[in-house]
Amino acid sequence: MVLAVHLYKRLMRKGRVIGLLALASVPGLVYWLAGFDGDPSDQEALYSDILAGAGYSYAIAVLILTVATLREERDGGTLPYIYMRPIPRATLAIWSIVAGISAALTIAVGGWLATVLGALAVGADLSMTIPGLSLFVAAAVGYAAIFVPLGYLVPRSLLVGLGYIIVIESILAEAVTGLAQFSIWRISLSIYADLAPVFGAEATEILGHVSPGVGGGVLKLTATLALGLVTLTLALQRRDAL
């Protein structure tokens, strides 16, 4: 727990947090601007459409944040001191990902609150925003499970992560049916789609061939989290063997 708190505090530096909160708040800003010109009867559908489309800004914010979980310790020369502690590598991996998820969830709440403020500004029913929190939370868990190990394993992890979000999630997953099932954003959307009172046409198009459902989405995220933990644990153990 002490390690997780240390990593979390290092991630959540004031300047970084302000910038990433601004990035995560893009969907709320877009909804606020679009809501003034939209049909009041379509506010709920518009909300889901904007979350599904503009929400990729939150994914980028999580990438920037979580790849730094262990990378900054390595670049700052403090990672060897963590290695010297009598901590099992599996435990080190768990607390590292917990720190990444916790930091991502903090930004998630800020991004979601921006959508609530946007809905409040245009006079929309605030109850429609509550299921939207599930999208941010699910994405935080899924992306952190991928990007924390990525930051440790790959030198140019930020570029690789951007490639995953822009090329695979935004382009290839839409064109190739099978890849959509491995898209963290679409998995998170499937949970939100099952909870949202109205899920717009554009959001449905982005979801594609992934079936809505809380159970299926949570199961996929659990598998992603387990894979991330195993990958990071093996990577840490491999360093011990070198």
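Colleague: Which helix is Arg-16 found in?

Modeller: Arg-16 is found in helix H2, which covers residues 14-24, and please keep in mind throughout that this is a predicted model.

Colleague: And is Arg-16 buried or exposed?

Modeller: Arg-16 counts as buried, because its relative accessibility is 17% and the cut-off for buried is under 20%.

Colleague: What is Arg-16 in contact with, leaving aside neighbours within four places in sequence?

Modeller: With those neighbours left aside, Arg-16 is in contact with Arg-10, Leu-11, Leu-65, Ala-68 and Glu-72. The C-alpha atom of Arg-16 is also separated by 9.9 Å from that of Ala-61, although the two residues are 45 apart along the chain.

Colleague: Ala-61 is in H5, so which residues of H5 are buried?

Modeller: The buried residues of H5 are Tyr-56, Ser-57, Tyr-58, Ala-59, Ala-61, Val-62, Leu-63, Leu-65 and Thr-66. That is nine of the 11 residues in this helix, which runs over residues 56-66, and H5 is therefore largely enclosed by the rest of the structure.

Colleague: Moving along, what does the side chain of Thr-69 reach?

Modeller: The side chain of Thr-69 reaches the backbone oxygen of Thr-66 at 2.7 Å. Thr-69 itself is found in helix H6, residues 68-75, and Thr-69 is buried, with a relative accessible area of 2%. Leaving aside neighbours within four places in sequence, Thr-69 is in contact with Leu-7, Leu-11, Ser-96, Gly-100 and Val-148.

Colleague: New topic: where does Glu-169 lie, and what is its nearest side chain of opposite charge?

Modeller: Glu-169 lies in helix H10, residues 157-175, and although Glu-169 is buried, it has no salt bridge, since the nearest side chain of opposite charge, that of Arg-186, is 5.6 Å away and a salt bridge has to be within 4 Å.

Colleague: Then what lies 2.7 Å from a polar atom of the Glu-169 side chain?

Modeller: That is the backbone nitrogen of Ile-184. Ile-184 is also one of the residues in contact with Glu-169 beyond four places in sequence, and others among them include Tyr-56, Tyr-143 and Trp-185.

Colleague: Last one, which residues make the nonpolar surface patch?

Modeller: The patch, of about 670 Å², is made by Ile-166, Val-167, Ile-168, Ile-171, Leu-172, Val-176, Leu-179 and Phe-182, and its largest share, five residues, comes from H10. Phe-182 lies in the loop between helix H11 and helix H12, and Phe-182 counts as exposed because its relative accessibility is 63%.

Definitions and conventions. Residues numbered from 1 in each chain as written. Predicted model: local features only at pLDDT ≥ 70, side-chain atom pairs only at ≥ 80, totals over all residues. Heavy atoms only, no water. Helix = DSSP H or I, 4+ residues; strand = E, 2+ residues; numbered from the N terminus. Buried < 20%, exposed > 50% of the residue type's maximum accessible area, 1.4 Å probe, protein only. Lys, Arg positive; Asp, Glu negative; His and termini not counted. Polar contact = N/O pair within 3.5 Å; in protein donor to acceptor, adjacent residues only side chain to side chain. Contact = heavy atoms within 4.5 Å. Patch = residues over 30% accessible without salt bridge, like charges linked within 9 Å, V, L, I, M, F, W, Y side chains within 5 Å. Areas by Shrake-Rupley, 256 points an atom, 1.4 Å probe, with all protein chains shown as cover.
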